[in-house]
Amino acid sequence: MKSILHYLFCLLTLSVLLSCGSEKEGEYDIYLFIGQSNCAGRGYMLEQDTLQVMEGVWLLNDSGVPEPAKAPLNRYSNIRKDLSMQMIGPAYGFAPVVRERTGRKILLIQNAKGGSALGEWQNEDSLGVTFLDKTLERAVPALQYGKLKGIIWHQGETDTSNGTAGEIYVRRFSKMISRLRQELHAGDEVPVLVGELGQWGWEKEELIQSFNDSTLVELARQVPNCHKVESDGLECRSPENLTDPHFSRASNIELGKRYAEAIGKLP
């Protein structure tokens, strides 16, 4: 009798160990959010946003450990501006939709910086530490928690205004994504999503339209598995000041849902 009980105990112990091991391997689906202020989040927050934990969603913290996610999601970026400037961004609308669809635990790596130009992320001459280098410092170790499932890039306001959109933008972006995929052991099967800029006239209409309808289209054409997400109908956070390039809280959430819908349609 004793030997039978011992045998059953060993089987139970082995089962628990195997179960724990299988849970840890690929435990999270990881999504990387990078770019400038609209990716970091500038939608004005409600009081409950800072208190409400997002069900089934984790955020990589400044110690490189997943913690239950709550706004602001760009709080642990190692390149961000002041914490008080981090508000609601598209990841806030993205993660719950993906979580509901897949049933998987979602781990967000947010590493955006307001005002940043693409040249600060991907230098042509590779001199100095770039924002991409700083992002990889966080993202590479985080792969121990799961598998990268998507890269979301929302940026372009600075390059649109300073005249570095167009061909030079496409070239720099292509190099940046190639390096990201290489460093994160992610082939072309990992999708890249790029979002349109707000369309309410914060900059000259022809410049915004050129970035959305030309530069981003070229990214989607030239970069493998890259897809454009539209911003039609999304609104400025400051109706009284339409020179503000930032999406409202509601529009950020809607933009995030569009990102989620786009990634959900991919094979």
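Colleague: Is Cys 236 buried or exposed?

Modeller: This is a predicted model, in which local features need pLDDT of at least 70, side-chain atom pairs count only at pLDDT 80 or more, and totals for chains, interfaces and linings use all residues. Residues are numbered from 1 along each chain as its sequence is written, and side-chain values use heavy atoms, without hydrogens and water. Buried means under 20% relative accessible area, exposed over 50% and partly exposed in between (1.4 Å probe, protein chains only). Because the relative accessibility of Cys 236 is 7%, this residue counts as buried.

Colleague: How many disulfides does the whole structure have?

Modeller: A disulfide is a pair of cysteine sulfur atoms within 2.5 Å. A search of the whole structure gives a count of zero.

Colleague: What is the volume of the second largest pocket?

Modeller: A pocket is an open set of points on a 1 Å grid over the protein atoms alone, where a 1.4 Å probe fits, with protein on both sides within 12 Å along at least five of seven lines; lining residues have an atom within 4 Å of a point. Points are joined across faces, edges and corners, and a volume is the space filled by probe spheres set on them. The lining of the second largest pocket includes Glu 196, Gln 199 and Asp 213. The volume of this pocket is about 160 Å³.
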